[in-house]
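Please look at the sequence and the structure before reading the points below.

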Amino acid sequence: MGTMRGLQQTVAAAFAFFAVLTFSIGATQSAIAAEPTEAQKAEVAKAIALFAKRSFGDTIQGIETLARSGIGHAAPALRALSRRRVYVNEDGTAAAFRDGRQHFDLMTGAELAERPKGWKSVRVNNRLRNIIKAAIGTLQLSSPEPARRIAAAEALLRASDTSALPALDKLVVTETDPRAKQVFSEVRAGLVLKDGKRPVADQIAAIKVLRSRGDQTAIAILRSNVSSDDVDVTAAREDAIGAIESRLAAIRQVQNVWYGLSLGSVLLLAAIGLAITFGVMGVINMAHGEMVMIGAYTTFAIQEVFRAYAPGAFDLSLLVAVPAAFLVAGAVGVAIERGVIQFLYTRPLETLLATWGIGLILQQTVRTIFGPTNRDVSAPSYMQGGFELWGLAITYNRLWIIVFTLVVFFLLLAILRYTTLGLQMRAVTQNRRMAASMGIRTGYVDAMTFGLGSGVAGIAGVALSQIDNVSPNLGTNYIIDSFMVVVFGGVGNLWGTLVSAFALGITNKLLEPWAGAVLAKIAVLVALILFIQKRPRGLFALKGRAVEQ
């Protein structure tokens, strides 16, 4: 196993080196035709004179001078030198190199018709080849583009090329780009530990650099790249690994809380309409999940229209889908309430069975129109991708859904508090008979309330279409969780729905790493049942028609 692991590491290092070599060659060959400056020509003339002396010591100085010259064709020239394809005349005033089948003048980079006759190749050995390899890496580390410098440094770390340490020592000091400077510092730290020949103080300082990086890559470097047996270095390494692992464990917990907030926002969107319907009307609407599904398919239909007639404005499709889903789902909700539910208010079991049957009809209708397979709903550009914050991976689609959920929540609070419909809904919730005696049309309030709850469910479908499969069974996956949120928070209380949605979401995500997704949901359900036994009206109980009866 040890032999196989060593072979794999050797192959990986060789692959990384040739990747850097190929990258640097491709970048510099395009610059062969560039006219060198007089200062660059002077440096190359010095290198040619050193090559002509034929001693390995002078050749090393020539390699360093050529790499330092900054001339555009330095990388292919150095590659040619490693293959003994650099040729110098007798007096050391001119040189040529071969790249592929072409020959080029070493001073200007101009292409030659053939190799000059009588010129001798510069001798190299394995030691010089290692120096050349480091020089080529140094060329990329000095690239004018920060991205190339970073890529070259990371490739050197993967290849464990400790010969690049002298160049990195200088570049860490002179680098001006903050990101490149950080990467140089971290790569240098990894190579210092791999080298194991630097003073103990330098190795401990390198360990501190990797500790501050604080990710899995740093742990891998600390575990594999330390060559020193010094007690202080070993202690510092173990302490750094322990600190990084503790930090990553804490980040994982915070990440789970973020996932819980994301799940809670989804539950809140799916349940908030049900909370309105259930709280005011006392109706157990088993077709609520199908209102969510209708909102998702409305989003799909609008996106298809944008794809066909306005592909350039596709990012606006989701903004159009939100009010459209609200109106479509709300209209279906009003039709259900006026056509079926208004005749069953005094028969809750029959209401439950009727809405369950309506849900099946709606599912089959959608299958007939759109087919049984999942439909593709794309995210607009501003909801794609993500970013990292303090080690947390945050995706834009989840972030936007949380923001959107809170906007919908507070908008509903404003409707209930500051509009005539909201006042009438609160009056009917507190005392239906008294509200009717005061001239409030309770039937109208019931229809509008059911339509409002269904419309909000349609908006939830727009959001869920961005993170879940759009299929006829979409709403079925959320109906049970929606009832759990409403019952736990307190029937008809929007603030209770908010708290319970996020509480259940976070609890579920914190339990999943320990118990798995299925057992975590079962544990939450059992805990909720026990809680309802002690507090039947939920966290925030309201007095209303359902309670009074």
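A polar contact is a pair of N or O atoms within 3.5 Å; within protein, one of the two must be able to donate a hydrogen and the other to accept it. The backbone oxygen of A270 and a polar atom of the S482 side chain lie 3.5 Å from each other. The model described here is a predicted one.

- S482 is situated in helix α19, which covers residues 476-489.
- The relative accessibility of S482 is 1%, and S482 therefore counts as buried, the cut-off for buried being under 20%.
- Leaving aside residues up to four places away in sequence, S482 touches A270, A271 and L274.

**The nonpolar cores**

- The largest nonpolar core has 64 residues, of which I272, I336, L362, L412 and L494 touch the most other members.
- Helix α11 (residues 231-281) supplies the largest share of this core, namely twelve residues.
- Which residues does L494 touch, not counting residues up to four places away in sequence? The contacts of L494 are I272, A275, I276, F409, L412, L413 and L416.
- There is also a second, separate core of 32 residues, and its members include I150, L210, I221 and I244.

- In helix α10 (residues 216-224), the buried residues are A218, I219, I221 and L222.
- Viewed down the axis of α10, these buried residues fall within an arc of 165°, so they line one face of the helix.
- Helix α18 (residues 442-464) contains 23 residues and reaches 32 Å from its first C-alpha to its last, which is close to the 33 Å expected at 1.5 Å a residue.
- Why can α18 be described as largely enclosed by the rest of the structure? Of its 23 residues, 20 are buried, so α18 is largely enclosed.

**Salt bridges between helices**

- The structure holds 15 salt bridges.
- One of them joins the side chains of R213 and E186, with an N to O distance of 3.0 Å.
- Because R213 lies in helix α9 (residues 200-213) and E186 in helix α8 (residues 178-195), this pair ties together parts that are 27 residues apart in sequence.
- R213 counts as partly exposed, at 27% relative accessibility, whereas E186 counts as buried, at 7%.
- The side chains of E245 and R223 also meet in a salt bridge, at 2.5 Å from N to O.
- E245 belongs to helix α11 and R223 to helix α10, so the pair ties together parts that are 22 residues apart in sequence.
- E245 counts as partly exposed, with a relative accessibility of 34%, while R223 counts as exposed, at 52%.

- E512 and K509 form a salt bridge in which the closest N and O atoms are 3.4 Å apart.
- E512 and K509 are three residues apart in helix α20 (residues 494-515), and they are therefore separated by about one helical turn.
- E512 is partly exposed, at 23% relative accessibility, and K509 is likewise partly exposed, with a relative accessible area of 22%.
- A network of salt bridges links D169, R188 and R198.

Conventions
Residues numbered from 1 in each chain as written. Predicted model: local features only at pLDDT ≥ 70, side-chain atom pairs only at ≥ 80, totals over all residues. Heavy atoms only, no water. Core = buried A, V, L, I, M, F, W, Y, C linked by side-chain atoms within 4.5 Å. Buried < 20%, exposed > 50% of the residue type's maximum accessible area, 1.4 Å probe, protein only. Helix = DSSP H or I, 4+ residues; strand = E, 2+ residues; numbered from the N terminus. Contact = heavy atoms within 4.5 Å. Arc of directions from axis to C-beta. Expected span 1.5 Å × (residues − 1). Salt bridge = Lys/Arg side-chain N within 4 Å of Asp/Glu carboxyl O.
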